[in-house]
Amino acid sequence: RWEAIPQDGGSKVRFKSTKTNKFLRIMKNKRTGKHIVNVGGGGGKFTVFTIHLVDEDDPNNGQVKLESNVFPGIYVAVDAKGVRTGTGGKWCNMTVYRQTGKNMQA
């Protein structure tokens with residue numbers, strides 16, 4: 001589970017793990033130069049994501065893409081292999097749910 005912490009009036013967000021209190025982040029691997037996603041952030045600049053609505057005509061459907069604020073054009077992606085980075089394609093589409101009481105809604 002994650003706690004979403006809005007930034008800049010809701011156009012950006014940080015995601016904090018409720019289990020570890022660490023933040024989702026995208027960084028650049030110093031050895032390989034590739035972008036990586038992990039949950040080891042302390043809340044710094046690598047943990048901020050710009051929110052992009054997937055369907056502008058239905059902004060309440062919960063579909064978003066999360067773009068790194070530090071690395072423009074690099075997004076959180078999920079495919080059969082797990083969580084990784086992407087460039088904005090279909091594997092970057094996420095559904096965000098809001099918990100209200102005991103119920104969850106998109």
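Reader: Why is Thr85 called buried?

Author: In this predicted model, Thr85 has a relative accessible area of 19%. Buried means under 20%, so Thr85, at 19%, is classed as buried. The residue lies in strand E8.

Reader: What does Thr85 touch, leaving out residues up to four places away in sequence?

Author: Thr85 touches Ile26, His35, Ile36, Val37, Ile74, Tyr75 and Ala77. Contact here requires heavy atoms within 4.5 Å.

Reader: How do you know whether Cys92 is buried or exposed?

Author: The relative accessibility of Cys92 is 2%. The limit for a buried residue is under 20%, and therefore Cys92 counts as buried. Cys92 belongs to the loop between strand E8 (82–86) and strand E9 (94–95).

Reader: Which residues does Cys92 touch, and how far is Cys92 from Val78?

Author: Apart from residues up to four places away in sequence, Cys92 touches Val64, Lys65, Tyr75, Val76, Ala77, Gly86 and Thr87. Cys92 and Val78 are separated by 14 residues in sequence, and their C-alpha atoms are 6.5 Å apart in space.

Reader: What makes Arg84 and Asp79 a salt bridge?

Author: Their closest N and O atoms are 2.6 Å apart. The criterion asks for a side-chain nitrogen of Lys or Arg within 4 Å of a carboxyl oxygen of Asp or Glu, so the pair Arg84 and Asp79 qualifies. By this rule the count comes to 1 salt bridge. Side chains of opposite charge can pair when their charged atoms come close.

Reader: Why is Arg84 called partly exposed?

Author: Arg84 has a relative accessible area of 30%. Buried means under 20% and exposed means over 50%; the value for Arg84 lies in between, so the residue is partly exposed.

Reader: What is the phi of Asn21, and where does Asn21 lie?

Author: Asn21 is not a glycine, yet its phi is positive, at about 65 degrees. Asn21 lies in the loop between E2 and strand E3 (23–28).

Reader: What makes Thr18 partly exposed?

Author: Thr18 has a relative accessibility of 48%. That value falls between the limits of 20% and 50%, which means that Thr18 is partly exposed. Thr18 is found in the loop between E2 and E3. Beyond its neighbours within four places in sequence, Thr18 is in contact with Arg1, Trp2 and Glu3. Thr18 and Arg1 are 17 residues apart in sequence, with a C-alpha to C-alpha distance of 5.8 Å.

Reader: How many helices and strands does the protein contain, and why is the protein described as compact?

Author: The protein has 0 helices and 11 strands. Its radius of gyration is 14 Å, close to the 13 Å that the globule rule gives for 106 residues, so the protein is as compact as a globular protein of that length. Its C-alpha atoms fill a box of roughly 45 × 30 × 30 Å along the principal axes. Of the 106 residues, 30% count as buried.

Conventions. Residues numbered from 1 in each chain as written. Predicted model: local features only at pLDDT ≥ 70, side-chain atom pairs only at ≥ 80, totals over all residues. Heavy atoms only, no water. Buried < 20%, exposed > 50% of the residue type's maximum accessible area, 1.4 Å probe, protein only. Helix = DSSP H or I, 4+ residues; strand = E, 2+ residues; numbered from the N terminus. Rg over C-alpha atoms; globule rule 2.2 N^0.38 Å.
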